[in-house]
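Please open the model in your viewer, colour the chain by confidence, and keep the selection tool at hand. The stops below take you from one selection to the next.

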Amino acid sequence: MSEITFKVQDEVAGRKTSAMKKYQDMVVGSRDLWPLVKYELIMLFVSSIPGALGLVLRGKLYPLLLGECGRGVVFGRNVTLRHPHKIRLGNRVIIDDNVMLDAKGASNAGIAIANDCFVGRNSILSCKDGDIDVGERANIGFNAEIFSCSKVRIGADNLISAYTYVVGGGNYDLNRFDKTINRSLREDRARGIVLSDNIWVGTHSVLMDGVTIGTGTAVAAGSVVTGPIPPDVIAGGTPARVLRERVPTAEVKKSALLRNSTFEGFTS
């Protein structure tokens, strides 16, 4: 399979080539004939089939397009795949209806989704020469968007609520006047986003490039996160700030002590 050796986004900027080659570069990720034929046939005949038959056929045929696909993966209707050979799914992943998995890029690794994850209806995971890595049991709500032109890491057991926007890169240099704004993207300055494990991001939140969030933190709905957030806190606002720490109650502490003492007694 021949890889693209130029930046894919050059295509939308007006690179002079045939419509078919543009389509292969933007969608399939290869200019070889067989990947194109395989992609077109599978997407044409099984993408929109409803019911159990569609689930079975997509479960059998979509893995032929992907870089890796584990056991028991469920694909909803009208799932869109871009550069599918750079999409890797673990076991028992659920991809709901109308999801887009776009691993587009000239030199990136693409999208990796670990075991037991759920990606909700109408959500978009989109790469622009970047990578998206989703940890085990993460749940991405419907109509969410995760964009990466560098590196976005979603930790294990994370809950990304509906309509959340995670922007790993994509800032524009507003101090330049020699180029239009849409041609002043600062990809070389993209820092990426790292979300540790066990995080809850509330609905309609925006996470900007460079954000890190510590384990066990919750971000209130409608927040705009522009900087690092420590672990085990509740944060919110525009820009988001720490509102309070998550402190275990006396009952939780007592339960933890009881579990520890029972375990120690059993092992001794």
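## Confidence before anything else

This is a predicted model, and over the chain the pLDDT averages 88, with 85% of the residues scoring at least 70. Select residues 1-6 to begin with: the pLDDT stays under 50 there, and for this stretch the model has 19 contacts beyond four places in sequence.

Next, show the strands as a cartoon and pick out the open sheet of nine strands, which runs in the order S2-S5-S8-S11-S14-S17-S20-S22-S23 with mixed pairing. Its edge strands are S2 (74-75) and S23, each of which pairs on one side only.

The hairpin of S22 and S23 has four residues between the strands, and among them Gly237 takes a positive phi near 110°. Select Pro239 in the loop between S22 and S23, and look at the peptide bond that leads from Thr238 to Pro239, which is cis with omega near -5°.

## Two loop residues with positive phi

Most residues other than glycine have a negative phi, and most peptide bonds are trans. With that in mind, select Asp129, in the loop between strand S9 (124-127) and strand S10 (131-134), where phi has a positive value near 60°. Asp129 counts as buried because its relative accessibility is 16%, under the cut-off of 20%.

Go on to His204, in the loop between strand S17 (200-201) and strand S18 (206-207), whose phi is also positive, near 65°. At 48% relative accessibility, however, His204 counts as partly exposed.

## The nonpolar core

Now hide the cartoon and show side chains: the largest nonpolar core holds 51 residues, and Leu81, Leu89, Ile95, Leu101, Ile113, Leu125 and Val134 touch the most other members. Helix H2 (residues 33-46) gives the most to this core, with five residues.

Centre the view on Leu125 and ask which residues it touches, leaving aside those up to four places away in sequence. They are Met100, Leu101, Asp102, Ile111, Ile113, Val119, Ile132, Val134, Ile140 and Ile146.

## Two aromatic pairs

For the last stop, display the aromatic rings; a search of the whole structure finds two aromatic pairs. Tyr62 and Phe75 form an edge-to-face pair, at 5.0 Å centre to centre and with 65° between the planes. Tyr62 lies in the loop between helix H3 (51-61) and strand S1 (68-69) and Phe75 in strand S2, so this pair ties together parts that are 13 residues apart in sequence. Tyr62 and Phe75 are both buried.

The rings of Phe142 and Tyr163 have centres 5.6 Å apart and planes at 80°, so this pair is edge-to-face. Phe142 is in the loop between strand S11 (139-140) and strand S12 (145-148), and Tyr163 is in the loop between strand S14 (159-160) and strand S15 (165-168), so that the pair links distant parts of the chain, 21 residues apart. Phe142, at 43% relative accessibility, counts as partly exposed, and Tyr163, at 40%, counts as partly exposed.

Conventions. Residues are numbered from 1 along each chain as its sequence is written. Side-chain values use heavy atoms; hydrogens and water are left out. A nonpolar core is a set of buried Ala, Val, Leu, Ile, Met, Phe, Trp, Tyr and Cys residues joined through side-chain atoms within 4.5 Å. Buried means under 20% relative accessible area, exposed over 50%, partly exposed in between (1.4 Å probe, protein chains only). Contact means heavy atoms within 4.5 Å. Two strands pair if DSSP finds at least two bridges between them. pLDDT is the predictor's confidence in each residue, from 0 to 100. Rings of Phe, Tyr and Trp (its six-membered ring) pair if their centres lie within 6.5 Å; planes under 30 degrees apart count as stacked, over 60 as edge-to-face and the rest as tilted.
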